[in-house]
Amino acid sequence: MDAPESKSAGNTSPQPYLNPYLAGLLLGLTLLASFLILGAGLGASAGMARLAAFCQMCIAPEHVLSSEYFGGWGKSPLNYYLVFMLAGTFLGGFLSAWLSGRQQVRLERGTACAGATRAVLAIVGGVIAGFASRLAQGCTSGQALTGSALLLTGSLVYLCCVFAGGYAAAWFFRSQWHD
Amino acid sequence: MIDTFFSLDALGSPIALFISLLIGLGFGLSLEQAGFGSSRRLAGIFYFRDMTVLKVMFTAVLTAMLGLSWLLAAGLIKLDSINLLETIYGAQIIGGLLLGIGFVMGGWCPGTAAVGLASGSLDALLFLFGAMGGAVIFNEWYPRLAEYVNWGNQGVLFVYDTLGTTRPVFALAFTAVGVAAFWGSEFLEEYVGTGNLRRHAPVLVVVSIGLLLSAGGLFVTPASPTPGSGHVASFAQVRPGSASISSSDQALLETIETAADHIEPEELADRLMAGDAGLYLVDVRSPAEYAAYHLPGAVNLSLPDLPTALAARRNQGTIVLYSNGMTHPAQARDVLQRQGYQNVYLLTEGLVGFLDRCLKPASVRATVLSDAELKRINAWRSFFLQAAPLPAAASQRGREPDRPSSEGQAVIWPSAVKPEVALPGLVSTAWLADNLGKPGVKVLDLRPQPEYNRGHLPGAVSLQVESLRGMSAGVPSMLLPSSMIVQHFSQLGLRADDIVILIHGEKLHDATLVGMAFDRIQHRYWGILDGGHALWLAEKRPLTRDLPQVQPVSRPPVEESDRFTVTSEQVLRSVRQQDSVIVDVRPVVNFLGTESDEARAGHIPGAVNRPYTEEVVTSSDGVVRFRSRQDLASAWSALGVRPRSENPSPNDGRSTEKPVIVHCRTGHQASQAYFLLNYILGFRDILWYDGGWTEWASRPDLPLATGTPSESGN
């Protein structure tokens, strides 16, 4: 299970993933560094929402600026530390995948699952997650990971709810991973 | 002590943005190395095939949590240097459940999808498009959701406080659960046949021992309070054993002598804010006083009831007694100590001292404060002043900006001088003549320099209004930020507790604009000479050409932001929601859009017009004064600026039916409306759009209207 799922067609065989506990340690130290230097934890969904606000602003600037939630971010929503962090996350992932020979264009799914089904589920899942992370002011990174490390009550409740929601819905979407 | 970018309010600085990028780099690298660039692997946890998500996340949470706990214990960082997310039960429960569903459906969460995309996953790209769409939907629905998003908001809440325990106890329990979950996951994976226990075991043994030792070690750090003993030990003044000797009078006297029986207001404030569960706060004043105001969490007990009511808490936790002063609680403490209580403390200087030492605004303090002290005071103020309104007597000392107080209330003035009206407000020429030259009374002459040079009030210092304004974020003629105003007034020799009287010439709104500057820096005692220089001259009161000696003073720094200035974004929001009365005080021709000095002509949609010239009358000898209070009240009432019906009391900060935003072209004329609404009509929550038509007209993206508003009077 420590080998990547995709059938590698590349010239270099992908390296195995890092031991999960060492990866966790690395992630924890990154989070700690963020606390100590920035005074804020990690985050991904805020950067994404600001990217969304930026894209929408290219189409309908007046509408976005006058909207209550996006409008509060002003005319340049991308000028925010979490946007830069998201860019860094992408670059870090890119670098790591490239160095480990894991970069491959693919649509991950079980062999028994149609590509279109998987695509629709990915989009709809994204919509739900994007909405939820604005409602709760954070996603797995900003709330569950960061808030739990700070021992904040609400973030720990959130973390439990993420898994509760996930396990409750898992049965309905199991077919997309069937081989 | 580490200063974070958050604590310095510099998260938006270029260097912080660059560091965010680097931290993101580490974040992405960790996630990718963990295998989170694969949705199949991520989703595995929901089918008990692959527990990597749990292992990585829990290890990361524990690593960061324990690392932070150690640094906190070592005093290297403070929790308030970190952005702490509020606990909002409604949004977090619903949001968590939804995110879980989205996670298992899409196979990603936002952070991992970024990494998935970077490693070439097309489903990650689709998920990200979806997530951006979800954010857009949230924004579009926000007006309908707004009233629910804060449901169950508890503020910043630590789980160990919620559970009534301490950080080390919870940290150890949490770590133990984590370690158990790691081993459970490994055996589960073995059981379903996906496991790799043999390969993971050596690292897991080391990680388990390391985490548990690190959590256990928190109990032996000096700063970590353990239940029972820790609360007493954290009192700086307590000497070992001094509070635990017998109840003999000799010991009691020694305790008093060393002040070991006191708790300082600052320490009490910090512990109340931290939600210290071991603290039992007793207010021994009368029920009426208690009902009017008490410290959060305090219980009201009368002195005779104390021994019975406190019996269960004898030597359990920390009992703090307080009254207005110290005499009554001290007597009560003596009685309790004779009964064997060793955990009873007095609040040093009582409630009065608490208000003075913790809640008095930084701007009216005599000493210069360090940034750290300023931050601490502002944190106390936002915590305790939001928790409950202060009593009338206390608000005179502790709150800003000052409300016009009703007559008969004792106002504690900074010096022997006592104005006949509450400040800020209008003062009469007779009062100024009586008090001119007294220490603590300063006069600023706002007329043009040549007129000042021809003759001014003895001791009056010249100030040109425009020197308080400048370009801000591309908008001209904005009132300067607090720090620059403070610097300016320091140079003019104005102390934080001086009474400053403003003298205007033809433009009354020069004085009200300077008043905005005083309000912005929370300088409490300022007034406008009723009738201005012209009336003083007409009454043939003394004038001089002598230039006064000005001794620069140092003033404490103040909060950068004020509570009354609004931005164009906030105005726009009010326009959309139609929840405010927007009053444009420019001349009618500018309002209608038939004449304009700016790029676009017209007015803010929904605004009503009340030209600033309507507020004043000018007599034949050039004396400019406000119209009578009745005239002003009825005129503004017709505009829709009325007191709330359930709050008909004419004094002491009435609320208006709707929030009021006043503006003009540059903020200058509108300051006059702000003054009269606040300090003559006594309304609270009046907002000032300083950017005004200059900014609004320059922004083609902002809507405008011309002609007469269809719905008048609002």
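Reader: How many residues of chain B are in contact with chain A, and how many of chain A?

Author: This is a predicted model, to start with. In it, 134 residues of chain B are in contact with 127 residues of chain A.

Reader: What area do the two chains bury between them?

Author: About 11,600 Å², with 72% of it on carbon and sulfur atoms. On the chain B side, Phe27(B), Arg40(B) and Met105(B) supply 7% of the area buried against chain A. That is more than any other three residues.

Reader: How many salt bridges across the interface?

Author: The rule finds two. In a salt bridge, the side chain of Asp123(B) meets that of Arg118(A) at 2.7 Å, N to O.

Reader: And how many residue pairs in polar contact?

Author: 47 across the interface, both residues at pLDDT 80 or more.

Reader: Which element gives the largest share of chain B's side?

Author: Helix H6 of chain B, residues 122-145, with 19 residues. By class, that side of chain B has 80 nonpolar, 37 polar and 17 charged residues.

Reader: Switching to sheets. What is the strand order in the open sheet of chain B?

Author: E3-E7-E6-E4-E5, five strands with parallel pairing. Strand E3 (262-263) and strand E5 (299-300) of chain B are the edges, each pairing on one side only.

Reader: How many bridges join E6 to E7 in chain B?

Author: Three, between residues 318-322 of E6 and residues 344-347 of E7.

Reader: What stands opposite Val320(B)?

Author: Tyr345(B), in E7(B).

How values were computed
Residues numbered from 1 in each chain as written. Chains lettered and ligands numbered in written order. Predicted model: local features only at pLDDT ≥ 70, side-chain atom pairs only at ≥ 80, totals over all residues. Heavy atoms only, no water. Contact = heavy atoms within 4.5 Å. Buried area = accessible area lost by both parts, 1.4 Å probe. Salt bridge = Lys/Arg side-chain N within 4 Å of Asp/Glu carboxyl O. Polar contact = N/O pair within 3.5 Å; in protein donor to acceptor, adjacent residues only side chain to side chain. Helix = DSSP H or I, 4+ residues; strand = E, 2+ residues; numbered from the N terminus. Nonpolar A, V, L, I, M, F, W, Y, C, P; charged D, E, K, R; others polar. Pairing = 2+ DSSP bridges.
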